[in-house]
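I opened this entry to look up charged pairs and nonpolar packing. The notes follow in the order I took them.

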Amino acid sequence: MKKIALTLLLTSGLTMAYAQEVKEANVPEAVKAALTKMYPDAKNAEWEMEEGNYEAEIDVNKVETSVVFTPTGEHIMTEVEISKDALPAAVHGYVATNLGGKKIKEAAKMTTAAGVVTYEAEVDGADYIFDANGNYLSKEVEDKDDDDKKSK
């Protein structure tokens, strides 16, 4: 079950890599209703479409938050910006050991609808993905030409 949830999460992360902006008027009502149900105070959502799913970027208590839904409004994943210090210690250890002491620029906590947690650490223009314990899972690199990310 853990492997299935992890695969779903990684697939969701990859789909987020190929996003296109969408006007709110083109977002299905079920998706907007699901966002409002989860975050009643959410205003000025910025919408993107990612391989058939919709991502709303919102601020929740001044914290950057992204929520991904299917076209029918089913919640897939939530990504919340966190402080670098909130990352598991193993993430910091991985960066120090494997990335030549480079600095983590941004960090996020990602939680699937099933409750599977992963972390993202942006280092030197790439996103490194870690499991809930801080074990390295994958790397996504942004394509400089079109802002798409590619997994490695």
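**Salt bridges, then cores**

I looked for salt bridges (a side-chain nitrogen of Lys or Arg within 4 Å of a carboxyl oxygen of Asp or Glu) and found two in the structure. The model is predicted, so I kept to its limits: local features need pLDDT of at least 70, side-chain atom pairs count only at pLDDT 80 or more, and totals for chains, interfaces and linings use all residues. Numbering runs from 1 along each chain as its sequence is written, and side-chain values use heavy atoms, with hydrogens and water left out.

I noted Lys32 with Glu29, N to O at 3.1 Å. Both lie in helix α2, three residues apart, about one turn of the helix. For accessibility I used relative area with a 1.4 Å probe and protein chains only: buried is under 20%, exposed over 50%, partly exposed in between. Lys32 is buried at 16%; Glu29 is exposed at 57%.

I then noted Lys102 with Asp124, N to O at 2.8 Å. Lys102 sits in the loop between α3 (89-98) and β6 (104-112), and Asp124 in the loop between β7 (117-123) and β8 (126-131), so this pair ties together parts 22 residues apart in sequence. Lys102 is partly exposed at 44%, and Asp124 is exposed at 60%.

I turned to nonpolar cores (sets of buried Ala, Val, Leu, Ile, Met, Phe, Trp, Tyr and Cys residues joined through side-chain atoms within 4.5 Å). The largest has 13 residues; among those touching the most other members are Val31, Trp47 and Phe69. A second, separate core has twelve residues, including Leu87 and Ile104.

Methods
Helix = DSSP H or I, 4+ residues; strand = E, 2+ residues; numbered from the N terminus.
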